[in-house]
Amino acid sequence: MSTISDAHVESEALVAVPIDGQQDVEDQSTTGLTTGVSKTTASTTSNAAAPSFYHLSYYQFLFDLDTNMFIERVSLSCAPLKPWSDVINTPDLYGWFWIATTLIFSISVAGHFTSYLLSQADPDDLAQVFDMRKVTTAGGVVYGYISVIPFVLWLVLKWYETPLPLVDLLCLYGYSLTPFVPATVVCSIPSSFLTYLSLSFAFAVSSTHLFRHLWKVLQLTMPRHHTQSVLISITTCVVVLHFGFSCALKFLFLN
């Protein structure tokens, strides 16, 4: 009887071992499944948090601009000796658009007001002085300049392997028009000397802003195998085109 009892106990022990092992395997499997579900859930949440480019929320950061940030960027664009690097890291597509729009209307108002003072028109002859086509023409010139030129510059920089985002260039060019807004207000005074003086000052401040920032950024980002003459050529073309824009304002609308 003792031999039978011992054999029975040993068989129970042998049976218990695989059961415990199986329980450990089941626990590990359950833990693995739980971990896998958690990782899948986190991955799904992460993907859900990042919107696709065709959703409006994808572009929300480009319009996240408060009053203090706008005033700071406007002041930096009017003071070209101060650094612009803290602004270019967070570009926006809101403030510079309204600067360009304000410039369009200030050009139109200044041009019409000067024409009215110089012609001393009668009330019945106001239609010959106030030409609303100047508003649409000014819109085409200003909006075309701050959109086409940055796009062409972006293509050129891409050709030279310089990773400067298009949004940064649009923001830079848009805010560079800030000095022209008060200059066009001064141009409403019928004086050729004041017109040339104000536009020249606005061009000097605005072009310095563009030149210094582009020169600094291109020096840091342009590959070393490109010569210094490439950098000089690009920045010189930027300044020359900006001078042409200033001349267009003078002879098309403020002459």
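Modeller: Contact here means heavy atoms within 4.5 Å. The model is predicted, so local features need pLDDT of at least 70 and side-chain atom pairs count only at pLDDT 80 or more, while totals for chains, interfaces and linings use all residues. Residues are numbered from 1 along each chain as its sequence is written, and side-chain values use heavy atoms, with hydrogens and water left out.

Colleague: Then which residues is Ser206 in contact with, leaving aside neighbours within four places in sequence?

Modeller: Ser206 is in contact with Ser176, Leu177, Pro179, Phe180 and His242. Ser206 itself belongs to helix α9, residues 192-221. Helices (H or I, at least four residues) and strands (E, at least two) are DSSP runs, numbered from the N terminus.

Colleague: Is Ser206 buried or exposed?

Modeller: Buried, with a relative accessible area of 0%. Buried means under 20% relative accessible area, exposed over 50%, and partly exposed in between, with a 1.4 Å probe and protein chains only.

Colleague: Let us step back to the whole chain. How many helices and strands are there?

Modeller: The chain has 10 helices and zero strands. Of its 255 residues, 34% are buried. Among contacts between residues at least 6 apart in sequence, 73% join residues at least 24 apart.

Colleague: And what does the accessible surface come to?

Modeller: About 15600 Å², of which 67% belongs to carbon and sulfur atoms. Such areas come from the Shrake-Rupley method with a 1.4 Å probe; for residues, only the protein chains shown count as cover.

Colleague: Now α2, please. What does it reach from its first C-alpha to its last?

Modeller: Helix α2 covers residues 67-78, 12 residues in total, and reaches 17 Å, close to the 16 Å expected at 1.5 Å a residue. The expected span is 1.5 Å times one less than the number of residues.

Colleague: Which residues of α2 are buried?

Modeller: Arg73, Val74, Leu76 and Ser77 are buried in α2. They lie on the same side of the helix because they cover an arc of only 160° around its axis. The arc is that of the directions from the helix axis to the C-beta atoms.

Colleague: And which residues of α2 are exposed on the other side?

Modeller: Thr67, Asn68 and Ile71 are exposed there.

Colleague: What is the relative accessible area of Asp92?

Modeller: It is 1%, so Asp92 is buried. Arg73 counts as buried at 4% relative accessibility.

Colleague: Where does Thr178 lie?

Modeller: Thr178 lies in the loop between α7 (166-176) and α8 (180-186). Thr178 is buried, with a relative accessible area of 8%. Leaving aside neighbours within four places in sequence, Thr178 is in contact with Val74, Ser77, Cys78 and Ile99.

Colleague: To change topic, which residues make the nonpolar surface patch?

Modeller: Val148, Phe151, Val152, Leu155 and Val156 make a nonpolar patch of about 380 Å². Patches are made of residues with over 30% relative accessible area and no salt bridge; like charges are joined within 9 Å, and nonpolar side chains (Val, Leu, Ile, Met, Phe, Trp, Tyr) within 5 Å. Val148 lies in helix α6, residues 133-159, and counts as partly exposed at 47% relative accessibility.

Colleague: Finally, which residues does Ile234 touch, not counting those up to four places away in sequence?

Modeller: Ile234 touches Leu153, Val156, Leu157, Tyr160, Leu218 and Met222; Val156 is also one of the patch residues. Ile234 is placed in helix α10, residues 228-252, and counts as buried at 8% relative accessibility. Ile234 and Leu214 are 20 residues apart in sequence and 9.1 Å apart in space, C-alpha to C-alpha.

How values were computed
Salt bridge = Lys/Arg side-chain N within 4 Å of Asp/Glu carboxyl O.
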